[in-house]
Amino acid sequence: MASVSLTIPAKLPGFDVRRIRRDFPILHASAHGKPLVYLDNGATTQKPQVVLDRLARYYESENANIHRGVYLLSQTATLAYEEARRTIAAFINAPGAAEVIFTRGTTEAVNLVASSFGRANFKPGHQIIVSAMEHHSNIVPWQIIAQATGGVLRVIPMNDAGELLLDEYAKLLKQPTCFVSVVHASNSLGTINDVRTITRMAHEVGAKVLVDGAQWVAHHPTDVRQIDCDFYAFSGHKLYGPTGIGVLWGRRELLDAMPPYQGGGDMIESVTFEKTTYAQLPNKFEAGTPHIAGAVGLAAAIEYVQSVGFENLVPHEESLLNYATQQLGDVPGVRIIGTAKQKGCVLSFVIDDPPISSLDIGNRLDREGVAVRTGHHCCQPVMVRMGINSTARASLAMYNTREDVDALVAAVKLTIHERSAKRHSAPAASPAMSTLKFPPAVADSPATAADQLAEELRDVSDALGGRDAINTHIEEMGEHLLPMPEALKNESTRVHGCMSVVHLFPRIRPGTVDVFEFLGSSDAFIVRGLIAVLQRIYSGQKASAVLDFDIENFFQRIGLDQFISSQRRNGLAGMIKRIRSSAGAMVAASA
Ligand code: PLP
């Protein structure tokens, strides 16, 4: 990739990143014995001490339920909560605080609009337009409401750099359109969209617009009046605030006309069994006890960001993104995904040479203390559009430094170096179908095989020390996986729902009626290891014994949850489901 600006300043006047880092206690933690390098800010940001203190102070001296008590403490909590609303309204330049609705996050904000505005206003055959780079939380709610109302979901396409094609959008808008929902800054590609123009174009045809600001608000000033959109959504936890709190801003006249999203306490004016009337904004959309501490903590986070000043943090983050793009882009074998001219703090990449799955990249980086996100980033359509399965993603925040970027780049180089060495010693090519070999049984039942494996893992853990040693041992088991012919890697053997590309090929052993065996493959080392674990337990066993064995219990026994993520557990669950359904079919066929 082309190098960017040659004059990237290392230090910016008016911004002392060392001082900022001192405000975030967790940044001084370590991971696997190395200093933590936290580069997963797109997933969630860390919290400054002032936010932690504010949360503690709220619970220590202000906690009561809001809006309900006549007593002083309840009034104190109500004041703090409503003051937080005003802080947030000012932060996004909203015309009024009553238009700021507290939600659990961006996801709930989008669902609120889709459900309430959508049900009341969408018409059969009319379009709901999203873009090709949306997070699933800005796709699925619209699909659900499109199904319910007869609406039609349409997509603004993008080019190979990850920039929306506004000419195509203009063409889409020629059909009747009721709504456009688009991301301000993409979490998977980093693209910053021209939401002002997108909004203007939608308004010209009478459509309303929601902007998903989840990845924007922590990095740039937000002005909903300048964008002129109808709804704006974001999450507190990506803005240095607590989890479980988010914001929906909406135009007052639209919110006033919308039906409630949920029913319950605090959103009513009066209730009888015959009829309920609803409270005014914002309460109409805040049924039940809200996340009071979250709102108060979010306001503290916003005040913290304001005390640093966007005029300081924007140049710092831009300079860091340029540096990271240059350094990572110059590593041979690395390809950056998402090269839009207008980009935010996200650096998605794949390693093509040698090919390394993003899962393996993430795992290896983790052992160097570098925390990045791997997978599809809840943007599966983006991965399909870019012709890839997943990426590794480093996402920056104001407290990141050039040293963090250097640690990332060094860990990526190490990953490539190690894999290149392994590649040169790896056995060549996939076998022909005529020379297929399947793993034999290693014990007389799945239960005995599992007991032996549990003991082996315990020995490894005792000898070499815990979680990392087990991880490495399982990866090494994957290195001895019997190879699967390319001809068998097709859609019928593909196991979906995994973070890597997984194929399983089960069969009844020729010459028997009930011996189950299977081959498996994956582009990720750790998943190959998990396939090897499953083969040790299941392959070569009677199909009925495969069905009878309680593998969940075995995983609990070896403490599998401690060293695999829930995403990978879903992948593992997908593999087990495939194995069990094949074994079930074999049992049924032999009955
Ligand atoms: N939209 C974008 C662009 C995101 O990056 C995310 C989270 O990563 C979301 C929406 C969903 O945010 P939350 O999970 O906080 O609701």
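A cavity is a set of points, on a 1 Å grid over the protein atoms alone, where a 1.4 Å probe fits but cannot get out. Grid points are joined across faces, edges and corners, and a volume is the space filled by probe spheres set on the points. The model is predicted: local features need pLDDT of at least 70, side-chain atom pairs count only at pLDDT 80 or more, and totals for chains, interfaces and linings use all residues. Residues are numbered from 1 along each chain as its sequence is written, and side-chain values use heavy atoms, without hydrogens or water.

The structure holds four cavities of 30 Å³ or more.

The ligand is surrounded by 14 residues, each with a heavy atom within 4 Å of it. Thr107, Asp212, Gln215, Ser235 and Lys238 are the closest. This shell has two nonpolar, 10 polar and two charged residues. For Thr107, a side-chain N or O atom is 2.6 Å from a ligand oxygen. For His237, the corresponding distance to a ligand oxygen is 2.7 Å. Asp212 places a polar side-chain atom 2.5 Å from a ligand nitrogen. Taken alone, the ligand exposes 390 Å² (Shrake-Rupley method, 1.4 Å probe). The protein buries 85% of that area.

Technical notes:
A polar contact is a pair of N or O atoms within 3.5 Å; within protein, one must be able to donate a hydrogen and the other to accept it, and residues adjacent in sequence count only if both atoms are side-chain atoms. Ala, Val, Leu, Ile, Met, Phe, Trp, Tyr, Cys and Pro count as nonpolar, Asp, Glu, Lys and Arg as charged, and the others, Gly among them, as polar. On a 1 Å grid over the protein atoms alone, a cavity is a set of points where a 1.4 Å probe fits but cannot get out, and a pocket is an open set with protein on both sides within 12 Å along at least five of seven lines; lining residues have an atom within 4 Å of a point.
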